[in-house]
Amino acid sequence: MSNAWKRLDFTGAGLQSLNLELTKRQRRPRVAFGLWAGFALGLHAFYLHERWRAFGYLSASLAWTVAALMMPWPIAAGLGTVYLAAALADLATLDRRVTAYNKALRMRLSLRKDSAPPPGFRGRYTDQDADIRAYTALKEQERAGHQAPSASAGKTRPVASPSFQEQEAALRAQTKRRPLKTPRS
């Protein structure tokens, strides 16, 4: 199937246009994890619009590069290890941050002020409430496993079903009357 439908303009208020815009602007975890490989440049943080984190990665990379050139190698290796540990800790929270970004985006798009109901929308019809009330009243009369009482049911007394012991006694009596047939071997 071609992707030509993605170029169509479905602007206006409504769920379809909201979903199209949300699909375009959401961040994908797979892309964020791929960009994490360039953590020294803060690419994944720029992708999630976390500018303070992205500039922190850039400044830490610059500081480590200067330390590697100016200081003895054990100090530079120690700083590099700390930097890599911080990047791995950042990787552990990356999926949660992508989810939080997408959730905030969904909320921001859903609750924006410029979205209005479609033209001609008159709200919920009140005549549907009568149907719902009648259905609810009918369902309230029903009991689990029993039929709802009819109008004539109030005149006669309902027949009680036999208890478990009575049913067992009836089965024993029926078995004694007829011998149990077993298949021949």
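Guide: Let us begin with one term: two residues are in contact when heavy atoms lie within 4.5 Å. By that criterion, among the contacts in the protein chain between residues at least 6 apart in sequence, 55% join residues at least 24 apart. Please keep in mind throughout that this is a predicted model.

Visitor: Why is H44 called buried?

Guide: The label requires a relative accessible area under 20%, and H44 has a value of 0%, so H44 is buried. H44 belongs to helix α3, residues 43-47. If residues up to four places away in sequence are not counted, H44 touches A32, L35, W36, F39, Y57, D90, L94 and R97.

Visitor: What makes the backbone of H49 worth a remark, and which residues does H49 touch?

Guide: H49 has a positive phi of about 60 degrees although it is not a glycine. Not counting residues up to four places away in sequence, H49 touches R27 and Y101. H49 and Y101 are 52 residues apart in sequence, while their C-alpha atoms are 8.8 Å apart in space.

Visitor: How do you know that the buried residues of α1 are on the same side of the helix?

Guide: In helix α1, which spans residues 15-25, the buried residues are S17, L18 and L22. They cover an arc of only 135 degrees around the axis, and therefore they lie on the same side of α1. As background, an α-helix has 3.6 residues a turn, so residues three or four places apart point the same way. On the other side of α1, Q16 and K24 are exposed, whereas the buried residues of α1 pack against α6, residues 94-110.

Visitor: Why is the pair of W36 and F39 called stacked?

Guide: The structure holds five aromatic pairs. For W36 and F39, the ring centres are 5.1 Å apart and the planes stand at 25 degrees; ring centres must lie within 6.5 Å to pair, and planes under 30 degrees apart count as stacked, so this pair is a stacked one. Both W36 and F39 are buried, and ring pairs link W36, F39, Y57 and Y83 into a cluster.

Visitor: How do you know that the charged end of R27 sits over the ring of Y47?

Guide: One part of the test asks for CZ of Arg within 6 Å of the ring centre. The charged end of R27 is 4.9 Å from the centre of the Y47 ring and sits over that ring.

Visitor: What makes up the largest nonpolar core?

Guide: The members of such a core are buried residues of nonpolar types, joined through side-chain atoms within 4.5 Å. The largest one has 11 residues in all, namely A32, W36, F39, Y47, L48, Y57, Y83, A87, L94, V98 and Y101. Helices α2 (29-36), α5 (73-92) and α6 each supply at least two residues of this core, and α6 gives the most, with three residues. One of the core members is A32, which, leaving aside its neighbours within four places in sequence, is in contact with H44, Y47, L94 and V98.

Notes
Residues are numbered from 1 along each chain as its sequence is written. This is a predicted model: local features need pLDDT of at least 70, side-chain atom pairs count only at pLDDT 80 or more; totals for chains, interfaces and linings use all residues. Side-chain values use heavy atoms; hydrogens and water are left out. Buried means under 20% relative accessible area, exposed over 50%, partly exposed in between (1.4 Å probe, protein chains only). Helices (H or I, at least four residues) and strands (E, at least two) are DSSP runs, numbered from the N terminus. The arc is that of the directions from the helix axis to the C-beta atoms. Rings of Phe, Tyr and Trp (its six-membered ring) pair if their centres lie within 6.5 Å; planes under 30 degrees apart count as stacked, over 60 as edge-to-face and the rest as tilted. A charge sits over a ring if NZ of Lys or CZ of Arg is within 6 Å of the ring centre and within 35 degrees of the ring normal.
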